[in-house]
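Q: Could you walk me through this model, starting with the overall make-up and then going into the sheet?

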Amino acid sequence: MTHPARVMRVGALTTAFAVLVALAGCSSNGSGPSSGSIPTLDPKTKVTLTFDIQTADPKTNSPQVYAAVKEFEKENPNITVKLTGEPTDTHTQKMQLAGQTDTLPDMFWILDSDARQLNKAGKLVNVKPILDAANLTSRYPATTVKGFTDDGKTYGQPSSQLVTGIWFNKKILADNGLKVPVTFDDLLNVVKVLHAKGITTISNGSNQASFACWSFLRDLSNFGWDQKVKGLLAGTTKYNNPDFKKLYEHIDELRKAGAFADNVATTTYDQIVSRFTSGQAAMVDGGLWMAAPIQASSIAPDAGFWIGPEFSDGVGDQKVSMSVPAAPWAYSAKSAKDPNKYAAIAKWVEFWAGQAAAQTQVDGALPPSTTWDVKIPESQSVFKTGLAAAFAPGTHAPANQPDLMVPTAVGTAMYDSIYGVIEGQFTPNEAMDHVQQALDQAQ
Amino acid sequence: MTWLSSRWKIAVMVVPALLLFSVFIAYPVVYSLVFSFTRFNGFESPAFNGGANYATLFADKFFWRSLGNTAIIFVVTLVVLIPLAFGLALLMQRRIPAAGALRSLVFAPAIIAPILSGLIWIFILDPHVGLLNRILGQLGLPEPEWIGGNTLTPFSVSWVYVWSQLGFAMTIFYAGLQLLPAEVLEASEIDGANGIKRVWYVVVPMIRETFIIITVLMITGVFKVFEIVLVLTGGGPVHASETLVSYTYFITFSSQRYGLGMAGAVIVTVLGMIVGLAYLIVARRRQVA
Amino acid sequence: MTAAITRARSTRARGRSQAYAIPSSIGGYVVTLLIAIPLLWIAFLSLKRSADILADPLSLSGLSLNNYIKVLGSLPLAQMYFNTIVIALVAVVVGAAVSYMLAFALTRMVFGRRRVRSAMTYYVLAGISIPVFILLFPVYRIDIALGIFGTYLALILPYTALTIPFTTLVFMGYLNDFPAELEEAAVIDGAGLWTVCVRVVLPLMRPVIATVFVLNTVFIFNEYAFASVLINDPNLYTISLAVSSLKGEYAIDYGGMMAAATLVLLPQLILYTIFQRQVIGGLTVGAVKG
C-alpha cells in the first residue's frame, strides 16, 4: 500500500530538517529564520488550511477549539483556517478512508492508534523540530512527547488533556452521614448505605458509550497495568492474572452491593451526566470535561472531584490520578510539501503549544496539556475544584489510559469486559477471558 | 413483442442500469468479498489469511446471538407487518373523510431516518425513563425491561421496525389495489365474515405480484436492521441485542477489524440474498404452475 | 379502448357513491393515531429543554421554541435542503428512467436465451439485500478514481445506482401484473419501441412512478453513511447531516435534535401528501384489466 521509497523520502526530509536545526542552533524566541530549517511565512502570503475535527458543527460543539482557531487567525491575519467536523465515529471513518487514499485534510484529529499507523507510513508531519525550534517542547510533560513519538518522529500534539475521575455530590453524602471515600472499602460502605435508601451511587451507562468506564480503566493502573502492558501485548502475560482478577471481583462486589442503576445498558452519555446533575445519583464516572455541565446545574456548589479509590490489595502507588494526553491533532505530510502550507502548519503547532491557546482551553473549563501559568476564571468554581483534586501533591499520573495503549479491538474488548461485569453479563473470569481472546487475535 | 426485441434494442435498454449497478454496487461487493479473506486493520497492507475470518465468526457466540436476534425480527415481520399493512391498505380504500391525510400520517414513520425512529422509541421503551413504563407504573402494572435486558429487546426492535415500515408497505399495497378494476374493489369491502373470504380468494391473488414485492422488500430489510438497535441499546448489554448488521458494523468500525467485518458483511448479504431470492423463485414458480 | 375506460369510470363512480362505513372510519382513525403518537411525541419534545427531556419528559413546563431558533441559527438548513433536492432530483429521475428501461426489457422483451434474462434479473435484484456500509470504502475509492469526490456527483452516481434494485423490482412487479394487450395492439398499429415505452406503457405506470419517486427521495433524504463521508465542503452538506450536527463529542443536544428532526420531516410529509393526492387518487388504470 505504501511505496518504501516514499516513506524514505519523507523520513529523509524530516531528518534533514532535524539535522539542520541541531547544527544551526535555535533562537530563543522561536521565530526560526536563522536556522533555515522551517520555512517562514511571508506575512503577505495568504494560506488556507483545512482543519477537520471530531465533533459536528465545531462552533457549537467544540467552542474551545473554535475559540483557539479564531485567536490563531487573529494573530496570523494571512492564515485562514477552515474548521469542519463530524460526529466522532464518522470522523474516524473519514480519516481512515482519507489516510488510505492520500486525501487527508491539512490538520485533523485522529485516534492515537490510527495516527501511529499513518506515521509508520510516513503520512504525518514530524512536529518535534517545530517545537524544538520554538523552544516549546519543554512545555509538554516528557511522557506526553514520548507517548506521541514513534519511529523516531513525533506525530502529533494532544488535542486536549484527558483527566478522568469521579465527581461526587457532597450534599448527598453528608445527608446520609457519609464521609468522602478514600479507599475502596470506603466506597463499598457508601454504596451499601445509599442503596438501602434507594439512591444510585455511581452513574454510568453503555448505550453507544461503551468507553464510559473511565474510573475502572484508571483502576487497572492501580493493579500494575503499567508493568504488565508490555507482556500483555507480547503474549507473555495473561490478562486473567491474580491482580486484575482482584479488580474485576471488586467491580462485581460493587454490582452486588447495588452501586449502579438498573438500566445501565440503555443509558446514554447524556443521561449519565444528567442523572448526576439532577441529584439522582451520588457520583458519576467521568472526568474534568464534565465541569461545564455541572457548573451550569443546580448542584454546582455541592460538587467534589475524586481521583479514584485506593485499593488495599492493589499494586504499587495507589494515588493514581489519570491525567493523560487525549487523542492527537496530526498534520498531513502531503500538505506540508507545499512550503507555504508547511510554514502555516508550523505556526499553528507553535500556537497550540503556547500560552494563548492554553488560556482559551481553560476559559472553557478544559484542562490544557501544556504547563503554562493560566488564569482560571472565577466563575469556573467546579473546574477549579476538579483541577485541585486531580493535580493534588502526592498524586502521580500513569503513562496513558490503559485502553489507549492497546490495539482498538483490545480496547473495545476491555470496555465490554468492564460493562459485562457491571451489567451482570460476565463473571470476572469470563470478562477477563474476553479480553484475552482479543489480545490473542491481535497477535 | 418479438420484433421489437432486437439484440441491439435490448442492449440499449439494459446497459445504463446494469453499468451503474455494476460499478457502484456489484464491484464494491466483490471488493469487500476479497477483503473478507484478509487480515486488515484499515491502514497497513492487507494480509491474506484464507477463511480464518469466517472461522472466527462461526466460533463467535455473539455472532450467533446476533443471527438469532435477526431471526426473531424476521418472524415478527412476516407474521405481523405484512398482514397489518395489507389490512390497512384495504381500510384506506374506503371512503373515509380525510383519507389522504390519514395515509400521510401512517406513511410518516417511513420518512423518518431510522436513527430518529430509534431515538423516539427509546424515550418510550426505556424501562426507567420511558413513557410506556411510566404509564404502566401509574396503573400499577408490572414494568418489563422492554430494552436493555436479556430477552425482550429483539421483540421491541421488531416492533419499532414494524412501526417504521408499516406505512411504506401499506403505500405499495395501496398503489397495487388502485390498479384493480372497480368490481374487484367492491368485493374487497369487508362486510362480515363473507367479506374476508372474498378478500382472500379474489383480491389477494390479483395483487400477487405486489405481495411478492413487499415480502421480498421486508425480508431483505430485516437483514439490514441496524440504526434502530444502535440507538435503542447500542447492541448491549455487551452485544446481547445486536443484529447481524449492527454487530458487523461494530467489528468493522469500532474494533477496526476490517477483514473480519467484511466477512460478516458478506455473510449478511449472502443470507439476505438467499432468503429473498429463494422466496422470489418459489413464489414465481407457483404462479406459473 | 376509450369505451372500456368510460365503462370502468362509471362502475367506479357507482361504487364510490356508497355510504361511509362508520366502523372502518373509526378503525382507520384509531390506527392512524396510534401510529402517529410517536411523531407527536417528537414534536412535543422539540419544545422542551434538552435537560428536561431526560430528567422529566412528561412535564408540560418550560415549553418554548428555543430549540428551533437555535437550530435555524446554527445550521444552514436552506442550503442543505437545496443540495439534497438537487442530488435527489437527479438521482431519482435518472434512476427511475434507467430502471424502467431495464424492467421493461426484462419483462416485455424477448431474450435470445431465457437464462440470460433470469441471470440479469437475479443479478440486479440481489442488490436489494446489500447493507450500505459494505459499499462505503470501495465507493469512496471509486469516487476519487473518477475524480468526482467532494462534488454533487460523488453522491448522485452512487445514489442512482442504489435506487436501481428496488425500483426495478417494483416496476417489474407492476409490469408483470398487467397483461401486454395494450402494447401488442400498439405494435400492430405500427408503433416503435420508443412509442410503446413512453407513449403507451409509461402513462399507465403513474401510480407506481409516483410511489417510487417518493420512496427513493425519502431514502436519499435520510441517507447518512455516504453523505457524511463523500462530501468535505460544508457548502455541499445534505439535510441528513442536520440531525447528527447536534451530537457533541460526548453530549447530545436532544432538544435541538428533535427540532431539527421536525424541520427535516415536515417538508417531506408535505411532499408525500401532495404527490399521493395528485397521482394515486382517481385513476382509471383499472380499465386495462378485464
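**Overall make-up**

A: Chain A has 19 helices and 12 strands, where helices (H or I, at least four residues) and strands (E, at least two) are DSSP runs numbered from the N terminus. The radius of gyration of chain A, taken over C-alpha atoms, is 23 Å, close to the 22 Å of the globule rule (2.2 Å times the number of residues to the power 0.38) for 443 residues, so chain A is as compact as a globular protein of that length.

A: This is a predicted model, in which local features need pLDDT of at least 70 and side-chain atom pairs count only at pLDDT 80 or more, while totals for chains, interfaces and linings use all residues. Residues are numbered from 1 along each chain as its sequence is written, chains are lettered from A and ligands numbered from 1 in the order written, and side-chain values use heavy atoms, without hydrogens and water.

Q: How much of chain A counts as buried?

A: Of its 443 residues, 60% count as buried, meaning under 20% relative accessible area with a 1.4 Å probe and protein chains only.

Q: Switching to the sheet, what is the strand order?

A: In chain A, 5 strands form an open, mixed sheet in the order β2-β1-β3-β12-β6, with strands counted as paired if DSSP finds at least two bridges between them. The edge strands, each pairing on one side only, are β2 (79-85) and β6 (157-158) of chain A.

Q: And in which sense do β3 and β12 of chain A pair?

A: Strand β3 (residues 107-109) and strand β12 (residues 328-331) of chain A are antiparallel over 3 bridges, and Phe108(A) has Ala330(A) as its bridge partner in β12(A).

Terms used:
Buried means under 20% relative accessible area, exposed over 50%, partly exposed in between (1.4 Å probe, protein chains only).
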